[in-house]
Amino acid sequence: MSGVILNNVKKRYGAVEVIKGVDIEIGEGEFCVFVGPSGCGKSTLLRMIAGLEEISSGDVQIGGRRVNDLDPKDRGAAMVFQTYALYPHMDVARNMGFGLSMNGWPRDEVDRRVNEAARILQLEPYLDRKPRQLSGGQRQRVAIGRAIVRDPEVFLFDEPLSNLDAELRVATRLEIAKLHGTLENSTMIYVTHDQVEAMTLADKIVVLRDGRVEQVGAPMDLYETPDNLFVAGFIGSPKMNFMALDNGRLPDGTAPAVPGAAGAATLGVRSDALRPVESGGDVAGEITVVEQLGDAVFAHFRTGWGQEMVARFEPGTRLRAGESVRFALAGRTHLFDAEGRALRAAAERLTA
Amino acid sequence: MADAALSRTSFAPPRRREAWLSPRARRTLVSIVLAAICAVWVYPIVWMISASFKTNGEIFADSGLIPDAPTFDNYTRAWREANIGQYFFNTLFVTVGSVIITTIAAALMGYVLGRRPIPGKTALMGLMVFTLFIPQGFTIIPVFELLTSVGLGQSLWGVMLATCGHSIVIFTFLFAGYFGQMPKELEEASRMDGVGPLKTFWYVMLPLSKPIIVTVIVMQTLQAWNDFLLPLVVTLANPDLRTLSVGVYSFRGEHFIDWGGMTAASAITIIPIILLFLFLQRYFIDGLAGAVKG
Ligand SMILES: Nc1ncnc2c1ncn2[C@@H]1O[C@H](COP(=O)(O)OP(=O)(O)O)[C@@H](O)[C@H]1O
Ligand SMILES: [Mg+2]
């Protein structure tokens with residue numbers, strides 16, 4: 001029983017409300033990712049679970065206990081900070097064992113746990129180095145090791161990869177995924193602004209915006225059936241194309257072949273749901289930029305009404321800026337009402 | 001060489017920057033000038049050390065810096081008869097005590113001022129800065145009164161306590177600045193680890209402030225060791241309690257000044273300070289640099 005439940009949680013700094021009533025249920029052993037743009041309150045929420053920020057109102061439960069008034073150390077949660085926050089004057093072993101030693105654990109038990117964590121994280125050769133003698137990735141692993149030795153019910157990660165370079169970020173992401181496999185029963189809550197991290201790591205994603213939950217769900221659910229414009233635009237790369245609809249017509253007056261479009265205010269279509277056609281089609285434009293990614297080609301084009309959109313082409317497709325292109329909608333399309341809420345009826349596949 | 005230089009000048013206009021001095025020559029010149037300034041600076045100390053090995057007669061015989069017949073008499077006389085030995089241990093007591101008290105108090109106050117939200121902090125710090133502008137001459141009598149009223153007016157403990165006050169404001173600010181710029185995640189990590197605030201201060205924050213600690217120890221040692229006015233006032237009626245700086249001064253007799261004894265006593269006074277500085281100078285300079293950077 002180490003699930004985490006947030007119940008109408010709010011956080012106010014003075015008169016400013018930064019967390020505006022959040023309900024989340026995270027099951028035991030689940031890997032949950034909070035994702036959202038910078039400043040939306042992810043860290044604040046995580047720190048409230050950790051006990052580093054007071055909870056203005058609402059309840060936080062860990063493992064079935066209400067922990068609002070418990071000290072961080074009594075909540076059974078361990079945190080990995082974005083900046084690692086290693087103790088600079090202690091070696092790696094001491095960094096990991098410090099908390100246990102200070103709480104009167106017997107020395108050989110501390111050593112045993114530190115060695116175990118070092119083994120899992122492949123830190124054994126570095127146990128007597130100081131943090132400054134380690135690379136960024138190694139420091140990050142020490143920070144994770146410090147959490148592991150405490151054998152917490154809940155791991156809390158606050159953007160743990162954002163100080164690493166791109167290559168190391170991917171490698172460490174895999175490490176964390178493996179770690180979650182190793183520590184089966186540990187619940188993990190992971191904060192990031194990077195939707196790729198969220199998609200790759202999460203069992204469950206919580207999309208936050210401006211102190212509110214926009215949508216909770218499995219990664220592919222969010223990708224395929226976003227609840228609203230914000231989630232649709234935030235999850236997935238490149239960003240979903242949005243076109244304004246007026247009585248079922250695009251700004252240039254054509255009517256796209258989407259059932260139910262008449263009642264929608266916005267039509268959303270991902271880059272891979274635009275199929276190039278010789279003539280006819282639903283959208284036409286002129287290519288402005290071509291991005292070759294190797295396994296795909298992304299063509300940015302400007303529509304007749306001056307909007308920038310992006311379409312995916314098969315690798316190897318030759319395209320030039322200035323070329324005219326036409327597309328048919330050939331895949332999942334998304335319709336949203338004037339408030340930005342998804343209209344579910346449109347989520348069915350087209351076979352055009 | 002000369003040919004090449006000549007032919008070059010004849011074809012191309014000489015470049016001014018190269019014409020005057022090569023960088024190497026310039027460095028040498030600068031070194032010589034600095035060495036000369038340094039010599040002027042160091043001369044009084046060298047003279048004092050030299051004089052301490054001369055007899056009173058020779059000191060004013062203008063015999064140069066190397067004593068004709070080096071003697072240790074001045075030192076034995078100063079240590080035994082002039083009580084410098086006693087004064088030495090008085091000074092040591094006052095210095096060590098005040099260094100311990102000052103360092104701990106300044107670190108604790110600096111920690112609170114640098115890291116904790118406390119009401120009226122700005123006003124408090126402003127008040128502390130204000131005290132820096134009051135010369136010691138104005139406060140010495142009230143301080144003495146204060147010591148007397150708590151029964152420490154005639155004791156080394158009183159000198160020790162009052163000596164703590166000289167620079168504690170500056171030290172507190174040094175610590176506050178240093179602690180203030182430490183990332184808050186360090187303390188939070190420690191909190192998540194279940195370590196209480198006192199242990200966090202002792203095992204995490206304090207060890208990290210080592211450069212400041214060394215700076216404070218060195219500066220307070222210098223101050224306490226060399227302090228003159230305060231021990232003079234407190235020990236006026238009590239020669240047994242004199243510190244070195246006051247003791248050295250007392251070599252000035254009514255009709256006769258024992259220059260030999262006085263210089264020997266002075267040498268005894270400054271040697272521990274020089275040793276301390278040699279020993280700690282690297283940390284000390286690091287600490288000052290760190291404080292400025294921070
Ligand atoms: N101590 C604080 N006082 C006032 N506002 C704060 C404080 N900490 C964070 N905030 C505000 O709360 C919002 C959420 O911050 P944060 O949780 O750090 O965002 P994120 O981690 O999602 O980037 C931000 O708008 C930030 O300015
Ligand atoms: Mg954050």
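Figure 1. The residues around ligand 1 are A:Tyr13, A:Val18, A:Ser38, A:Gly39, A:Cys40, A:Gly41, A:Lys42, A:Ser43 and A:Thr44, a residue being near a molecule if one of its heavy atoms lies within 4 Å of it. This is a predicted model, in which local features need pLDDT of at least 70 and side-chain atom pairs count only at pLDDT 80 or more, while totals for chains, interfaces and linings use all residues; side-chain values use heavy atoms, without hydrogens and water. Residues are numbered from 1 along each chain as its sequence is written, and chains are lettered from A and ligands numbered from 1 in the order in which they are written. By class, the shell holds 3 nonpolar, 5 polar and 1 charged residues; Ala, Val, Leu, Ile, Met, Phe, Trp, Tyr, Cys and Pro count as nonpolar, Asp, Glu, Lys and Arg as charged, and the others, Gly among them, as polar. Helix α1 (residues 42-50) of chain A gives the most to this shell, with 3 residues; helices (H or I, at least four residues) and strands (E, at least two) are DSSP runs, numbered from the N terminus.

Figure 2. A backbone N or O atom of A:Lys42 lies 2.9 Å from a ligand oxygen atom.

**Figure 3. Backbone geometry at A:Asn8 and A:Pro238.** A:Asn8, in strand β1 (residues 4-13) of chain A, has a positive phi, near 45°. The peptide bond from A:Ser237 to A:Pro238 is cis, with omega near -5°, and A:Pro238 is found in the loop between α8 (229-234) and β11 (241-244). Most residues other than glycine have a negative phi, and most peptide bonds are trans.

**Figure 4. Two annotated transmembrane spans of chain B.** An unreviewed UniProt entry lists residues 29-49, 87-112, 124-144, 156-179, 200-222 and 259-280 of chain B as "transmembrane region"; such annotations may be inferred rather than shown by experiment. Residues 124-144 are 81% helix and 0% strand, with end C-alpha atoms 25 Å apart. For residues 156-179, the values are 88% helix and 0% strand, and the end C-alpha atoms lie 33 Å apart.

Figure 5. The mean pLDDT of chain B is 85, with 90% of its residues reaching 70 or more. In chain B, residues 1-10 fall below 50 and have 2 contacts beyond near neighbours in sequence. Where pLDDT is low, the predicted coordinates should not be read in detail.

How values were computed:
Polar contact = N/O pair within 3.5 Å; in protein donor to acceptor, adjacent residues only side chain to side chain. pLDDT = per-residue confidence, 0-100. Contact = heavy atoms within 4.5 Å.
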